[in-house]
Amino acid sequence: MIRSGASRLGLPGWLFIPAVFGGLFIVMPLAAMLTRVEWANFPALITSEASRDALVLSLRTSLIATGLCFLLGVPMAVVLARARFRGRDLLRALVLLPLVLPPVVAGIALLYTFGRRGLLGHSLEVAGVQVAFSTTAVVMAQTFVALPFLVISVEAALRTVGTRYESVAATLGAPPTIVLRRVTLPVVLPALISGLVLSFARALGEFGATITFAGSLQGATRTLPLEIYLQRETDSAAAIALSVVLIVVAVLIMGLTRGLSGRTA
Amino acid sequence: MTTNTRALVGACAMLALASCGSSEEAASTPPASRLTVFAASSLRSTFTELGKKFEAEHPGTSVRFNFAGSADLVSQLQQGAPGDVFASADAANMDKAAADKLLAGSATAFATNSMIIAVPPNNPAHITTFADLAKPGVEVVICAPTVPCGAATKKVESNTGVTLAPVSEESSVVDVRNKVATGEADAGVVYVTEAMGSAGKVVGIAIAGKLNVTNRYPIAVTTSSHSPRLAADFQAFVLGTNGQQVLAEAGFGPA
């Protein structure tokens with residue numbers, strides 16, 4: 001927002017060299033993959049029963065995970081940004097940990113918590129809830145890795161805008177819940193939307209935690225990334241076709257958010 | 001916004017580092033001669049041991065390994081990855097490599113592996129036979145039919161006439177073993193060597209010999225090898241008395 005002015009002032013020319021290399025580094029592998037797509041078989045490859053099951057499961061679980069990220073992440077962000085208590089910085093660091101953890105570690109951690117022999121697994125089993133090898137496990141893995149993206153983006157926005165508007169609203173007699181709903185959240189709406197999109201994208205791409213924690217069964221736990229990983233063993237054409245589907249979905253989401261946040265900003 | 005960006009950059013850098021650590025690189029100073037062996041995941045512990053013995057017999061030689069699924073190894077070789085020797089977990093993948101003219105000589109079978117039922121040490125579902133795996137309420141994990149161990153499992157199913165309803169079909173036999181070892185699954189179908197190499201974390205229950213399936217492991221020297229002589233030496237070493245003994249101790253059958 002500030003930088004759009006800076007570009008008119010002129011950028012140092014050398015900046016473009018690493019920028020172009022960086023861009024190529026990301027775009028070229030994707031383009032290289034597109035050259036390997038067997039377009040003649042493409043429709044058949046992506047509409048096979050296994051592919052459809054995987055895509056539907058991926059979209060369904062990622063949406064639920066994004067919903068959970070919203071329900072849990074927004075309160076977490078508000079508490080971290082606004083509440084004052086000891087150990088807040090430590091708590092923030094812990095909450096953001098899944099960002100830096102390799103997903104397979106997240107999967108192992110979830111397994112030892114919610115697995116049949118995990119910390120809570122036994123109590124859950126007694127209560128009749130079985131998480132292992134269920135779609136619930138997929139959603140949990142996705143939420144675990146995606147939640148920090150929402151928290152970090154909303155919390156940073158809250159801290160940037162400060163508390164002025166909230167103070168004014170409170171002075172005018174608005175109770176805290178009204179302030180939260182009518183002032184705080186609208187102010188950070190663009191950050192909230194981009195946080196939700198990041199969470200959704202992360203959930204959609206989730207692989208390591210899912211395969212470690214949830215297993216892999218068509219229609220139940222085998223999401224699109226797991227299907228790609230499996231197909232790659234025997235049918236690279238199918239793996240590439242499904243990868244293209246995943247890329248298209250990701251691009252659509254990014255386009256959608258640009259549209260949304262462009263309107264709200 | 002700066003803290004946000006900085007945290008994200010830091011996170012990405014750490015992820016990049018974490019994902020780099022998996023390749024098994026040799027020391028930076030190359031010794032007199034170096035051999036790179038591409039071997040199936042199920043050969044990890046035996047071949048690591050064989051590599052050390054081979055190095056001891058050939059002073060100045062360093063053997064490094066690339067362990068992965070056999071299909072992965074073939075595609076890596078197809079893409080020009082430098083490997084002197086290729087040891088596959090099944091004939092199908094070796095045939096693929098041969099069809100792509102990646103092999104210098106002919107492939108020789110050096111070991112066999114068969115399937116076994118793996119259960120947690122306390123055997124919570126009281127499994128005693130393959131048919132028990134199909135009982136209601138038993139959570140069974142197997143390999144996906146598209147990978148070699150899953151194809152073998154499917155054959156055992158047809159030999160025994162028992163149809164399994166697994167709760168998960170994993171991409172690798174190691175994942176099956178781990179799901180059993182952690183108690184997530186009541187039982188799994190794995191390679192005999194996988195159960196024997198688990199250090200007691202899973203217990204094996206034999207499948208009757210005539211109903212079982214045997215995979216042949218072939219080994220070959222690649223066309224891209226920089227030291228084909230040394231590669232042939234390694235192949236001979238695996239097929240020799242020393243090699244066969246190490247393989248037999250790990251539960252592999254004679255070829």
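## Domains of chain B

Nine residues of domain 1 of chain B touch ten residues of domain 2 of chain B, where two residues are in contact if their C-beta atoms, placed from the backbone, lie within 7 Å. On the domain 1 side, the touching residues are three nonpolar, five polar and one charged. In this classification, Ala, Val, Leu, Ile, Met, Phe, Trp, Tyr, Cys and Pro count as nonpolar, Asp, Glu, Lys and Arg as charged, and the others, Gly among them, as polar.

Domain 1 of chain B covers 31-111 + 216-249, and domain 2 covers 113-214; such bounds come from an automatic or database domain assignment. The C-alpha centres of these two domains of chain B are 27 Å apart.

## Model and numbering

This is a predicted model, in which local features need pLDDT of at least 70 and side-chain atom pairs count only at pLDDT 80 or more, while totals for chains, interfaces and linings use all residues. Residues are numbered from 1 along each chain as its sequence is written, and chains are lettered from A and ligands numbered from 1 in the order in which they are written.

## Contact between the chains

Chain B contributes 25 residues to the contact and chain A contributes 22 residues. On the chain B side, α1 (2-20) and β6 (168-170) each supply at least two residues. Helices (H or I, at least four residues) and strands (E, at least two) are DSSP runs, numbered from the N terminus. The largest share of that side, seven residues, comes from α1(B). By class, the side of chain B that touches chain A holds twelve nonpolar, eight polar and five charged residues.

## Two crossing helices in chain A

Two packed helices are described by the angle between their axes and the distance between the axes. In chain A, the axes of α4 (residues 49-82) and α9 (residues 135-161) come within 6 Å and cross at roughly 35 degrees. Axes are lines fitted to C-alpha atoms, for helices over the stretch in contact, and angles run from 0 to 180 degrees between N-to-C directions. The residues of the contact of α4(A) with α9(A) comprise 20 nonpolar, six polar and three charged.

## Buried positions in chain A

A:Thr212 lies in helix α13 (residues 208-213) of chain A. A:Thr212 counts as buried because it has 22 C-beta neighbours inside 10 Å; a residue is buried if 20 or more other C-beta atoms lie within 10 Å of its own, exposed if 12 or fewer, and partly exposed in between, with C-beta atoms placed from the backbone. Not counting residues up to four places away in sequence, A:Thr212 touches A:Val104, A:Gly107, A:Ile108 and A:Leu111.

Helix α14 (residues 224-234) of chain A is mostly covered, with nine of its eleven residues buried.
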